[in-house]
Each structure stands twice: as structure tokens, then as C-alpha cells.
Amino acid sequence: MISFSQAIAAVERYCVRNTAVIKPIEKSMGMVLAKDIASPINMPSYRQSSMDGYALVFGDDLSNKVVDEVQAGSSKNIPLKKGEAVRIFTGARVPDDADTIVIQEHVSKVEDSIHIEKMPPKNANIRPLGEQISKGDIALEKGTVLNEVSVAFLVGLGISKVSVYKKPKVSILVTGNELVRLGNELKEGQIFESNSVSLVLALKKLGVKNVKVHRIKDQLKSTTKAVKKCLKKSDIVLISGGISVGEYDFVKQALENNGVTEIFYKVNQRPGKPLWFGTKGNTKVFALPGNPVSSLSCFYLYVLPLIKAQLGFSNYHLERKTGVLKEDIINKTGKTLFLKGLLKDAQASVLDGQASSMLRSFAISNALLVVAENIDFIKKGEKIKYIELK
Ligand code: AMP
Ligand code: MG
């Protein structure tokens, strides 16, 4: 059995970026740019009015004849002389001859002329060509995580495709004779299957969609066959349950039968001790313990970092922070503990119901409190490390 830090280090050796792919911008949300993006245009691409008002030549003339009008979207370039003005609107092209825009609130209109009550400084209310970014300059750097703001910015520059790190193909294999899918009747001795639900949703949060879920009974032959199928089609295979040492736990044998190389099996941690990690070719396999808390905790601790690293994130672990403990913690297990906790104003409390079958406490917790295997006691008021769950 290896320690938590050894297990993390073993997974981290595989935490490398995937190759880059070109994606349509509208499908790039949440992904990481694999290349710097240079702006293909000046932004703005023409001298633009930033206000509704009058474009004119800066000077002492407070009375100006309004000779024409230019709306947003018009390409008209109206010639102007001193003493003349053009009615103009926000976003419209400023005539080449104009150098100042007086806002409409600062003029009074007399027939086809305006009287300027307050002359602004020269160049006022004109967005110069390329004010935001010039053609050829770097709009966004490699490593930028695309969100709704950065996507909108790129769309504004006319960029329709981006180079981002490829998403892994993930499949889930759920084992357990006792499992029943939601919508079916629960008979005595059966439980509703929920691990595939938590895993699919957690993957979705990382942007990994179209995850294929396979369900099998606890039987060596069908497990071996299902593992083979998953290996063929996936970059990452997540197996739920069947990895303990019971008579009906066939996952380890099925992985061996398929020639998956074991990197580690069993971690000195609670929950999630029977975690198995291995590889076959470029495919990574995690056999997650079946208890719902163990399965999801192992996902957060080991699977999520691997996927985020593949997606190009440089900070690929969930954030680790330090809080102040509100109660004593005793650790007689000699294992690294991940306790479902509640962090409020940096004060950490341990929730009731720590068993690995209990999703209830996990559902209301916002942190996993970390107690290292060599720590047997942490006193109230002392510092405690925690992993933030969002
Ligand atoms: P196992 O790791 O297969 O021995 O399962 C450990 C415990 O987790 C058992 O109580 C199972 O019934 C439960 N369990 C296993 N798989 C799931 C699942 N997909 N959803 C909910 N509970 C499960
Ligand atoms: Mg089982």
C-alpha cells in the first residue's frame, strides 16, 4: 500500500497536456488556448463615435451648421469644414475631417444649426482606430481559459476557430449486482445506482461530455469483456466498484486479463483505500471503490487533476487552503483522512456522518479536511488544511 502523496505523485507523472485541436469558437467554452491568438483586425477597425452627438472640427466656432447625419453601420465619410457639424450616433464611423464629438446634451438646436454650450477637449468621444487592440497584436495568450468574456472578445475580432487542448474520451464502467437504475422499482436488497450520475456530472463540469456508461453484473467474463470494450474507445476509463477483496470483486482480475499495467493498488487513505490506477498504451484506468463517497473523493483527488492537466490547465488540482479548526480531530487510523467538512469564514468544522456510504454529509459539505497519515491529533483552534469543493 502506498501513501496519499506517493499516489498523487504517481498520477502526476501522467499529468501532461493533450494535443491541440481546432474548435469552432462557440464550442470552446471552458477550454484552454493552445496557442497565442493574434488579432486579425484593428479594434475598433474605424474611428468610432462613443456617444450620441455631433462630430466637428475642434475650434472656437460655437455655432455649427449641421450638414448631414451618420448612423451606426453607415460607411459614409462626410466632408466637413470648420463651422460645420455632422449629427452622429454611438458606434458610427467618424468622418475623417472631424476630430471631436460634442455630446448632444451639451448643444442646443436652432433649426439646422447647433449652438455648443460646452466644448469638450479635442479628440473627445472618439475611439481611435485600434484603440483596444491593433492588428497583429496578441489578443489572448496561450494558456488562457476561455470563458464567456474571452469568447465574446474573440468573436468581436471575427475569430471563428481556436486552437485548444483536446478533451479526453472517457467511459465509465459500473459494476454491481445490487444496482438499479433510477426509474426502476427497488426490490429488497437492491440500491439505486448513483456513482455513474456523480461521475458523469463531475465530468460535465470539466467540459467532458458524451461519456459512455456501461453497466455490468459482478461476473469475471462480462467484466473482462466490458473492460476490453472501454479500453478500445477511451483515453480514460473509470470503473466503479468491484475493486475490493470480496468474492465477487472481479475488476482487478479483469484488468489483468486485459493487460492493463498496474501503477498502484490501495492507498493509505480514508475514504478510497482500494483505489487502483493503471495504464494500457495511452489509456489511463482508474478503478474507483464503489462506495459513493469513496468513488467521488477519488475522482476529485486523482481523476480531476489528470483531466484538467490534459485539458491544459496549469493549476490542475482542486484548490488547497488552510482554515482554523473549530473542534478537535483524532486520527487513530494511521491513514490520510479526507473529512467532509464545512468551511465558514475560514473556520472548519467536521460534519456528522463520515462513513464512505454517506453522501448526505458530502452533499452539504464545501470542503474535504485533510489529516495526514502521520498526524493523530489536531486541536481545536489549530490550522487545518482543506481541499475546496465548488
Ligand atoms: P464495491 O466497491 O463494489 O464493493 O461496493 C461498495 C459499496 O458501494 C457497496 O455497498 C455497494 O452497494 C455500493 N456501490 C457500489 N457501486 C455503487 C454505485 N454505482 N452507486 C451506488 N452505490 C454503489
Ligand atoms: Mg460491488
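These notebook entries record what I looked up in a predicted model.

**Entry 1. Helix 1 against helix 6**

I began with the packing of helices, since two packed helices are described by the angle between their axes and the distance between the axes. For helix 1 (residues 4–12) and helix 6 (residues 292–310), I noted an angle of about 20° and axes 10 Å apart. Helix 1 is therefore roughly parallel to helix 6, because angles under 35 degrees count as roughly parallel. I recorded the crossing of this pair as right-handed.

I then listed the residues that meet. Helix 1 contributes Phe 4, Ala 7, Ile 8 and Val 11, and helix 6 contributes Leu 301, Tyr 302 and Leu 306. Sorted by class, this contact of helix 1 with helix 6 holds seven nonpolar residues, with no polar and no charged ones.

**Entry 2. Helix 3 against helix 6**

I next examined helix 3 (residues 195–205), which packs on helix 6 at an angle of about 25°, the axes again being 10 Å apart. That angle makes helix 3 roughly parallel to helix 6. The crossing of helix 3 and helix 6 is right-handed.

On the helix 3 side, I found Asn 195, Ser 198, Leu 199, Ala 202 and Leu 203 in the contact. On the helix 6 side, the contact residues are Pro 292, Ser 295, Leu 296, Phe 299 and Ile 307.

**Entry 3. Cavities**

How many cavities of 30 Å³ or more does the whole structure hold? My search of the whole structure gave one. The largest cavity contains about 30 Å³ of space.

I looked up the lining of the largest cavity and found Val 57, Phe 58, Gly 59, Asp 60 and Asp 61, together with Lys 82 and Gly 83. By class, the lining comprises two nonpolar, two polar and three charged residues.

**Entry 4. Cis peptide bonds**

I turned to the backbone and noted a cis peptide bond from Met 43 to Pro 44, with omega near 0°. Pro 44 sits in the loop between strand 2 (37–38) and strand 3 (48–49).

Where does Pro 271 lie? I placed Pro 271 in the loop between strand 19 (269–270) and strand 20 (276–280).

**Entry 5. A positive phi**

Lastly, I checked Asn 123, which has a positive phi of about 75° although it is not a glycine. I located Asn 123 in the loop between strand 9 (113–116) and strand 10 (126–127).

Conventions: Residues are numbered from 1 along each chain as its sequence is written. Chains are lettered from A and ligands numbered from 1 in the order in which they are written. This is a predicted model: local features need pLDDT of at least 70, side-chain atom pairs count only at pLDDT 80 or more; totals for chains, interfaces and linings use all residues. Side-chain values use heavy atoms; hydrogens and water are left out. Axes are lines fitted to C-alpha atoms, for helices over the stretch in contact, and angles run from 0 to 180 degrees between N-to-C directions. Helices (H or I, at least four residues) and strands (E, at least two) are DSSP runs, numbered from the N terminus. Angles under 35 degrees count as roughly parallel, over 145 as roughly antiparallel, 65 to 115 as roughly perpendicular and the rest as oblique. A crossing is left-handed if the near helix is turned anticlockwise from the far one by less than a right angle, and right-handed if clockwise. Contact means heavy atoms within 4.5 Å. Ala, Val, Leu, Ile, Met, Phe, Trp, Tyr, Cys and Pro count as nonpolar, Asp, Glu, Lys and Arg as charged, and the others, Gly among them, as polar. On a 1 Å grid over the protein atoms alone, a cavity is a set of points where a 1.4 Å probe fits but cannot get out, and a pocket is an open set with protein on both sides within 12 Å along at least five of seven lines; lining residues have an atom within 4 Å of a point. Grid points are joined across faces, edges and corners, and a volume is the space filled by probe spheres set on the points.
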